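I opened this notebook to record what I looked up in the structure shown below. The entries follow in the order in which I made them.

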Amino acid sequence: MNGPQRDLFRALFLINFLISLGFGVSDAFFPLYCQSIGARGLLLGVAVGGYALSKIIFSPIMGALADRFGRRQLVITSLLVYLLVSCSYLATENPVVVVCLRLLQGVGCAMFRPVVQTLIADHTGSRQWGRTMGSFDISFYAALSSGPLIGGINMDQAGFHGLFGVLTICSMAALGLALAVIPRQLKPSRLAPEIAVQPGIRALCRQGGTLQGLLLFIFGRACGITACGTFLPILLSTKLGMSGVQVGIIMASATLIMTLLLRPAGRIADRVPRRLLVICGGTVVPLLYMLLPIAADFMQMLGVTLGIGAFSALSQPATSALLAEEGQRLGMGTSIGTFHAFLNLGFVAGPLVGSLLQSSAGLQGVFIAIGLIGLCSVAGFILNKPVRNLAAAQA
């Protein structure tokens, strides 16, 4: 990276960290907040599920708009939406209004994350995509791991309004930084020129090659992440009788080791065939999911979760780099936005599949199922061969 590219990367890194931290602080306690203001049943379900649905619907749309109208405009707009929602949480406790704000928050998230990732890909040479994407993802996972802890401390001291106060401050700081640092005229790096091919979302999903494989892969991976996050605490407490501290350590271990390994994994992704890294990490993680019900004590369980984090880190930068390659071929914003839609679809599907299986097959069946889904998604990735040139893609 040259000087301006490095400055832009640092600014986007900090902006992403601030936004991720703000929502990491508040999101862990949002269902409790909804219950405290009287949201029950359908309202609570819409607040939780509608947020994810907003991201699924609007991520590819916002990515396509970024290709057409520019990245900076959408980043600024998304941060304005975040700030509006954050301030509004402080101003109302009406359950219906809060649910509507949550849906709007989902639109803002769909507008922010794919476009910021597109900006990073635009201004990075293809030979550095792995290292750059791996380094950038640290901003998300570091905030994700520390947000609930900071939120818990803050809630004990200042209640729910304290959580939304932190969210407002983070959103305001991110918006100010974006206005000050992101150039008004953004020009993609010469090393990463974007081909002006935007075939539309439906046609893009039908494209052969790596992108379709990546969509299958990220769906399976997201299913595993959310299903594991939902049912692993139950497994730890019911089967092994672990304390709250032990459960917390195990639940945080995968994210922590992944955060530490993302940068070196990114460097590996720039030197080793990226498809090989995705296949390797994507195959081992589902197998480790299947081992979770077999682990007999705290140390064995910790070893398995650390392995999950390590092999997830191995495939993460390679996945992002391959996605950037496909973005050059098909339109950067549209490709990344569609990728995020499948990611969020997996986040929704994982807990639903687990809930359906828990009653019939038990907790062990849940982890076997998410392992099989993960393996099938890797198989789908392998079967979708790379498209080497644009003419082949259009044939």
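I first looked up Gln316, which is buried because its relative accessible area is 12% (buried means under 20%, exposed over 50%, and partly exposed in between, with a 1.4 Å probe and protein chains only). I located Gln316 in helix H11, residues 298-330 (helices are DSSP runs of H or I with at least four residues, numbered from the N terminus). I listed the contacts of Gln316, leaving out residues up to four places away in sequence: Asp137, Tyr141, Arg221, Met258 and Leu262 (contact means heavy atoms within 4.5 Å).

I noted the basis of these entries: the model is predicted, local features need pLDDT of at least 70, side-chain atom pairs count only at pLDDT 80 or more, and totals for chains, interfaces and linings use all residues. Residues are numbered from 1 along each chain as its sequence is written, and side-chain values use heavy atoms, without hydrogens and water.

I then turned to the largest nonpolar core, which has 69 residues (a core is a set of buried Ala, Val, Leu, Ile, Met, Phe, Trp, Tyr and Cys residues joined through side-chain atoms within 4.5 Å). Leu12, Phe30, Leu79 and Tyr89 have the most contacts inside this core. Helix H5, residues 95-122, gives the most to this core, with 12 residues. A second, separate core has 21 residues, including Cys228 and Leu363.

I returned to Phe30 and found that, beyond four places in sequence, Phe30 touches Ala47, Tyr89, Val98, Arg102 and Phe164.

Lastly, I checked Ile57 in helix H3, residues 41-69. Ile57 is partly exposed, as its relative accessible area is 44%.

Conventions:
Helix = DSSP H or I, 4+ residues; strand = E, 2+ residues; numbered from the N terminus.
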